[in-house]
Every structure is written in structure tokens, then in C-alpha cells.
Amino acid sequence: MTTKPIGPALESKKMKLKSFLLRYYPPGIMLEYEKSGELKTKSIDLLDLGPSTDVSALVEEIHQAEPLITASRAEQVKLLIQRLQEKLGQHSNHTFYLFKVLKAHILPLTNVALNKSGSCDKIATGSFDKTCKLWSVETGQCYHTFRGHRAEIVCLSFNPQSTLVATGSMDTTAKLWDIQNGEEVFSLTGHSAEIISLSFNTSGDRIITGSFDHTVIVWDADTGRKVHTLIGHCAEISSALFNWDCSLILTGSMDKTCMLWDATNGKCMATLTGHEDEILDSCFDYTGKLIATASADGTARIFSAATRKCIAKLEGHEGDISKISFNPQGNRLLTGSSDKTARIWDAQTGQCLQVLEGHTDEIFSCAFNYKGNIVITGLSPKPGDIQSQARQGDSHL
């Protein structure tokens with residue numbers, strides 16, 4: 001159990017708890033409190049919560065560690081944790097069907113992402129046309145077109161608060177955009193080659209960029225200041241991201257390896273090997289216990305973050321696997337491939353559960369929504385016929 005403030009350090013005597021917010025994925029409780037007349041938020045992460053967890057003992061531990069949780073609040077916290085336990089026991093078993101096609105950009109589309117807020121009502125797309133577009137999931141309406149990059153946009157991400165979109169470009173820069181007014185917030189400059197990957201940490205105060213210059217840079221998302229440069233890979237970077245508690249950074253590279261880094265000091269902790277060709281994508285599950293890698297060798301692998309050992313190999317695609325991601329529940333993996341299909345996999349056994357067909361060209365990007373019942377896939381066919389597909393899940397897999 002970890003307690004993580006969002007904002008300055010807390011002084012309990014000046015704080016007043018206003019409300020609890022339950023967070024299912026990953027499991028945790030958000031606390032809204034008032035301090036010096038200002039409403040703030042902090043989180044209690046319960047990443048190790050499971051069906052066998054002693055809830056009473058956990059509540060006592062929280063009470064001892066968190067000043068906002070007084071004895072009078074203990075029973076309320078206990079009920080919330082029991083609800084989390086019940087939710088975690090409900091496995092997400094969906095079969096997905098096509099329900100919407102988005103006509104996106106004039107030139108080929110390069111990346112798609114769903115916003116991270118509970119509503120999950122927005123999609124961002126990046127393109128060879130040097131722009132990023134913000135869309136409504138329900139209506140397909142375009143809210144904003146972000147312009148300013150001097151070359152193709154190849155990666156993008158929402159911040160956790162869903163107030164910003166970050167874009168990375170072949171022009172060697174990353175940019176942050178305000179999703180409310182559509183304006184550029186600032187640019188991140190420092191790489192000597194194309195930026196191919198970027199990601200925010202859980203708090204939204206750090207962002208990492210991976211580049212063809214073989215390095216990853218950690219930035220302060222509030223100031224644009226460079227914090228660390230991660231040097232160790234001997235080929236282009238393909239992916240870079242934080243784990244949930246922001247203690248680790250995972251990077252994937254064309255050198256066929258992934259590396260685990262200490263996020264606080266920028267030192268390499270481990271190298272994950274086994275793939276026979278370039279690693280094109282990598283990710284953590286929401287708890288940070290599992291790592292998944294996708295490769296040009298046509299396979300994906302699942303590693304234990306604790307032991308750094310491979311625990312499952314995903315085989316079945318007939319081409320490069322360009323994208324991989326866990327569902328919020330952590331029991332499913334989604335992959336997109338140059339064989340024009342996406343696949344749903346069992347994250348424990350590596351068994352393929354469903355093949356998502358219908359695209360007419362290579363799938364380069366795919367993602368689950370917050371609930372894990374919608375999948376979006378993107379391909380880059382001929383100019384003038386750019387598509388993203390959204391698929392809804394039925395619970396009967």
C-alpha cells in the first residue's frame with residue numbers, strides 16, 4: 001500500500017477530508033481534501049489488493065500511515081476496499097465486435113490514444129500531415145486540430161488528468177497541447193533525431209521521450225526542463241514508459257532488448273532479452289507486476305517485473321507486432337500487427353482468445369479504453385482512405 005500526494009507535501013493539521021473516490025484500475029482510493037481553502041487530491045494505491053487480502057488489517061495500516069483517514073472513517077474505507085475486492089474478482093472476458101469507423105486524416109495516420117479520465121470520451125490521432133486531431137468517441141466530431149510540428153507526428157499521449165496531449169515528431173521535438181483551447185503549451189527540445197515514443201508518469205509531472213538517437217530523456221512536464229538522459233541502448237528506441245508508482249522506466253529498442261531503469265536516478269537496473277528481432281513496443285500492466293514486449297520477430301513475450309524472467313510467449317501473428325497493451329484488469333493483452341489483424345490474448349497463459357479482422361492494411365496502433373470493453377485499432381492505408389476502428393466488447397468470451 002502506497003500513499004501518493006498530487007501536489008505539495010501535506011500538513012495534516014491544516015487538511016480537511018471532503019470525499020472519497022474509488023479507483024478500480026489499478027485498485028486504489030482517491031482522497032479529495034481541503035488545505036488552506038484549496039481543494040487537492042491524493043491517492044492511496046492498493047496494487048497488492050487481492051481476494052485473500054485481510055481488509056481489516058489493511059484498513060488499520062492505512063489509518064496509521066494516512067492522517068486524513070481517522071478512526072471515524074475506518075468503516076467507510078473498509079466498505080470501499082471490499083467493493084474493490086469484489087470488482088477485482090470479476091474477470092473481464094469480452095468478445096469484441098466492430099461498431100464505429102473514423103475517417104481521420106488526409107495523409108496516413110500514425111498513432112491513436114484514448115483519454116485517461118473516467119469518461120474516456122476522447123480520441124487523439126496523429127498523422128503524417130504533421131497534425132494531431134482530437135475527436136469525440138461517441139459522435140466522431142473533431143474538437144481540435146493541433147498544428148505546429150515541422151514533420152510527421154509519430155507518437156502521442158494524454159496526461160493522466162486528460163488536460164494535455166503530448167505529441168512526438170520526426171522534427172526531433174515533442175509538444176504539449178491544451179485540450180480545452182487547442183493551444184500549444186510548450187515544446188521539448190534536446191534530442192538529435194526523431195522522437196518515436198513518449199509517455200507521462202502517473203502523476204503527470206514527468207514525461208519521457210524515446211528517440212532514434214538511441215537515448216531516452218526524462219522531462220519535468222511543468223517546466224519543460226530535462227531531468228535525466230537514459231543512455232545504454234545501442235540502437236533506436238521504440239518505446240519508453242513509467243510503471244504505475246513511477247519508480248521504474250521501461251524502454252524497448254531496435255537492439256532486440258528492453259531495459260529497466262530506476263526513475264529517480266536514471267540508472268539501468270536490468271536488461272530483458274530473448275527476442276530474435278527488433279522490439280517494436282513494450283508496456284507494464286497497471287500494477288507494474290508484468291511487462292509485455294512486442295517484436296518484429298512476430299512474437300510477444302510476458303515478463304515478471306520482479307524476477308525479470310519470461311513467463312509466456314505469444315505466438316500466432318504472421319507479421320511484425322507493432323503495438324501491445326494490457327487491459328485495465330491486467331488479464332488480457334491486445335496486439336496489432338502488419339498481418340492486418342489485432343489479437344486478444346490471455347495474459348497468464350499466452351493463449352490467443354480472439355482475432356480481430358477487417359482492416360485492409362497493416363495495423364500500427366491499438367489500445368483498450370479505461371473499462372477494457374472498447375478497443376480502438378488504427379491502420380495507415382493509402383492517402384484519402386485513412387481509418388480507425390472502434391470495437392465494443394460483449395462479456396461472453
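Trainee: Which residue takes a positive phi in the hairpin of β14 and β15?

Mentor: G204, with phi near 85°. That hairpin has five residues between its strands. Keep in mind that this is a predicted model.

Trainee: What makes β14 and β15 a pair?

Mentor: Two strands pair if there are at least two bridges between them, and β14 and β15 (residues 206–211) have five, running in the antiparallel sense. Within that pairing, S197 stands opposite G210 in β15.

Trainee: And why is β14 called largely enclosed?

Mentor: Strand β14 covers residues 195–200, and five of those six are buried, so the rest of the structure largely encloses it.

Trainee: On to the rings. How many aromatic pairs are there?

Mentor: Three. One of them is Y24 with Y25.

Trainee: Why is the Y24 and Y25 pair called tilted?

Mentor: Check distance, then angle. Ring centres have to lie within 6.5 Å, and here they are 6.3 Å apart.

Trainee: What makes F146 and W177 a stacked pair, then?

Mentor: Their centres are 5.3 Å apart and their planes meet at 25°, which is under the 30 degree limit, so the pair is stacked. F146 belongs to strand β9 (residues 142–147) and W177 to strand β12 (residues 174–178), so the pair ties together parts 31 residues apart in sequence.

Trainee: How do you know that the charged end of K87 sits over the ring of Y24?

Mentor: The charge must be within 6 Å of the ring centre and within 35 degrees of the ring normal. The distance for K87 is 5.2 Å, and the contact is counted as sitting over the ring.

Trainee: Last one: why are β18 and β21 called edges?

Mentor: The open sheet runs β18-β19-β20-β21, with antiparallel pairing. β18 (237–242) and β21 (268–272) each have a single partner strand, so one side of each is left without a neighbour in the sheet. The twist averages 20° from one strand to the next. Inside that sheet, β19 (residues 248–253) and β20 (residues 258–262) pair over five bridges, with G252 opposite C258 in β20.

Technical notes:
Residues are numbered from 1 along each chain as its sequence is written. This is a predicted model: local features need pLDDT of at least 70, side-chain atom pairs count only at pLDDT 80 or more; totals for chains, interfaces and linings use all residues. Side-chain values use heavy atoms; hydrogens and water are left out. Buried means under 20% relative accessible area, exposed over 50%, partly exposed in between (1.4 Å probe, protein chains only). Helices (H or I, at least four residues) and strands (E, at least two) are DSSP runs, numbered from the N terminus. Rings of Phe, Tyr and Trp (its six-membered ring) pair if their centres lie within 6.5 Å; planes under 30 degrees apart count as stacked, over 60 as edge-to-face and the rest as tilted. Axes are lines fitted to C-alpha atoms, for helices over the stretch in contact, and angles run from 0 to 180 degrees between N-to-C directions.
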